[in-house]
Amino acid sequence: MKTKGKRKTAPNGLIRGQTRAAFFFCLPTFVLAVVFIIIPFAMSVAYSFTDKQLIPKVGIQTTFTGLANYIKIFTTGTTLLAFKNTFLYALIVVPFTLVLGTLLAVFVNKRLKGVKIFRLIYFSPQVVTMTVVAVVWSFVFSSNTNGLLNSILNLFHIEPQRWLQDPHLALPCIAIMYIWQNLGMQMLILLGGLQYISQDLYEAGELDGCSAWDKFIYITVPGLRHTLIYVLVSVVINSLKVFTQVYVLTNGGPSNATVTVVFQLYKAGFVNGQIGYSSAIAITFFVLVMLISLLQNKLTGEDD
Amino acid sequence: MRTAMSKRKKLLLKICMYTGYILIAMVFIGPILFLVISSFKPYAQIESDMSNFYAFLPHGTLSFDNYSNVIRKMDFLKYFKNSAVVTILFMAAATILNAMVGYALGMLRFKGRKIIISVIVALSIIPTESIIINRFIVVNQLGLLNTYLGLAIPSVAYPMYMFLYYNHFRGIPSDLQEAAILDGAGYGTIFLRIMLPLSKPILTTVAIMAFIRSWSDLLWPTLVTRDGTYRTLPLALKTLFSDTYTDWGQVFAFSTLTVIPTMIVFLLFQKHFVASVTSSGIKG
């Protein structure tokens, strides 16, 4: 915020002029925000308490159903499973991204010739659109015995796997695609955080006879605390939004092992036309994301 | 310490580092290489190469057949045009309109400024996914299904972009604006002639964010396109991929062509690209 002292009391005319200008500058965006954010949000909240249908049946009115949709979320197998799968997905993505991202950041945080090029290479999967990532990796995870990954397993005399068609492996497969796409970007964010750690600390550590591992645990990780929290929260929230791989590759299968929250709210609302139910899933999802955002504010606000 | 380390040990360490760098690089670039190289192979070749190392090598008969098939038979150009129109519309509108809000909030003084800022912060918590079904219903009511406007406009007002701009503009010294006001310039002129030229880096960052977002979006086009006429590239690829018979060569050619524009933007604007992607890490 600007300091108050810098502001002189402006003549009324100036303020009036600026108010008018501000109104016109904000108007188009605010109309769009009302129509495409605020109204849909209000509809989501309102419809979540009704049995609203996409295509209303003749003679049947939308009725208020109270918490019925929310109760359904926690009692219907598939939707509950969608939340479970989504958490499981995040539980795979998040630790891998954080740990590997940090190690990778430390590994490329060297003044060696050409290291910048390697950083860009690690980042490059980010350039590949998720739909394409899904397509390419589905070929890697081909369930044929001579599929790419199965052939590699064969070298180590491991049985070929069904990958995306195996209820136990499908979700981890989908998670790997996302980790692959996303890791380099998180590495760069963490690399940025590393630059704020004073070199003196490492030199002091070296004088005290710290091993590389000691330095990593006692200097690097605490020094990265803020960046790690940021990465943690953004990866958690983004992984909760998983949709593309499911929609392109598995359609929620095999036996609902990859149904996720966003996929389920899409299916309930758009495919099955149950707007009320879909809205309730959406609002539950919103509350979840909001709680995580608030938690982040609390975590990062603590020692500032 | 470094100086105590013998030269040979140092060299050995260096070799180890580079070996590590290269091995890791293969994990990241392998699938991309595989995609691009396979897009030049006929289907039979892809299949016979898939169980060995040739999958990553330009091996056997290579040709542009997949590409010419994708362009002639798969309507690639139509989908490309759709994606391009939607992305350009979205980029232009999102980059400028949100900048106007950021400028007003950061540099103009008016009543209710603080309230608007808190509203934007509140809105930024709402994930697009949680309102998308009802946003679709609104777009349907407005008669915008199956139109470029319906594809591009609904996500233009974007709290995170507004916030980025707000942070940028409130850092610009107000003297510049005051001098211009004394010279009799209107706020529209000040914004266009003084503020925008001063804001090129942030404009580029937001434009690239908007580009990536729009170019790769799959869910929204799924909801608002009824048939192939307005289908965008990711959705067309998904449809091509889901067909009962998948010709992998064509799928890979289609995929490669879909990624090329992003690749070009990345190579041209490396720094901005990285900044865009990393700062859009949260919320969407």
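Into which domains is chain A divided? In this predicted model, chain A splits into domain 1, residues 4–47, and domain 2, residues 69–301.

**Figure 1. The two domains of chain A.** Domain 1 covers residues 4–47 of chain A, and domain 2 covers residues 69–301. Their centres, taken over C-alpha atoms, are separated by 37 Å.

**Figure 2. The largest nonpolar core.** This core has 166 residues. B:Y103 and B:Y165 touch the most other members. Helix 7 of chain A, residues 170–194, gives the most to the core, with 15 residues. Domain 1 and domain 2 of chain A both contribute residues, so the core lies between them.

**Figure 3. The surroundings of B:Y165.** Leaving aside residues up to four places away in sequence, B:Y165 touches B:N98, B:A99, B:V101, B:G102, B:Y103 and B:I202.

**Figure 4. The contact between chain A and chain B.** Chain A gives 74 residues to the contact, and chain B gives 65. On the side of chain B that touches chain A, the elements giving two or more residues include helix 1, helix 4 (76–107), helix 6 (132–141) and helix 11 (200–216) of chain B. Helix 12 (219–224), helix 13 (233–242), helix 14 (248–268) and helix 15 (270–279) of chain B are also among them. Helix 1 of chain B supplies the largest share of this side, 11 residues. By class, the side of chain B that touches chain A has 47 nonpolar, 12 polar and six charged residues.

**Figure 5. Helix 5 of chain A against helix 1 of chain B.** Helix 5 of chain A makes the contact with A:V136, A:W137 and A:V140. Helix 1 of chain B meets them with B:P31, B:F34 and B:L35. The contact has six nonpolar residues, with no polar and no charged ones.

**Figure 6. Helix 3 and helix 12 of chain A.** Helix 3 of chain A runs over residues 77–108, and helix 12 of chain A over residues 261–271. Their axes come within 8 Å and cross at roughly 150 degrees. That angle makes helix 3 of chain A roughly antiparallel to helix 12 of chain A. From helix 3 of chain A come A:T78, A:T79, A:A82, A:F83 and A:T86. From helix 12 of chain A come A:V261, A:F263 and A:Q264. The residues of this contact divide into four nonpolar, four polar and no charged.

**Figure 7. Two positive phi values in a loop of chain A.** Most residues other than glycine have a negative phi. A:N251 has a positive phi, near 55 degrees, and is not a glycine. It sits in the loop between helix 11 (244–250) and helix 12 of chain A. A:S255 is found in the loop between helix 11 and helix 12 of chain A. Phi of A:S255 is positive, about 40 degrees, although this residue is not a glycine.

**Figure 8. Exposure of A:N251 and A:S255.** Is A:S255 buried or exposed? A:S255 counts as exposed because it has 10 C-beta neighbours inside 10 Å. A:N251 has 13 other C-beta atoms within 10 Å, so A:N251 is partly exposed.

Conventions. Residues numbered from 1 in each chain as written. Chains lettered and ligands numbered in written order. Predicted model: local features only at pLDDT ≥ 70, side-chain atom pairs only at ≥ 80, totals over all residues. Contact = placed C-beta atoms within 7 Å. Helix = DSSP H or I, 4+ residues; strand = E, 2+ residues; numbered from the N terminus. Nonpolar A, V, L, I, M, F, W, Y, C, P; charged D, E, K, R; others polar. Domains from an automatic or database assignment. Axes fitted to C-alpha atoms, helices over the stretch in contact; angles between N-to-C directions. Parallel < 35°, antiparallel > 145°, perpendicular 65-115°, else oblique. Core = buried A, V, L, I, M, F, W, Y, C linked by C-beta atoms within 7 Å. Buried ≥ 20, exposed ≤ 12 C-beta atoms within 10 Å, placed from the backbone.
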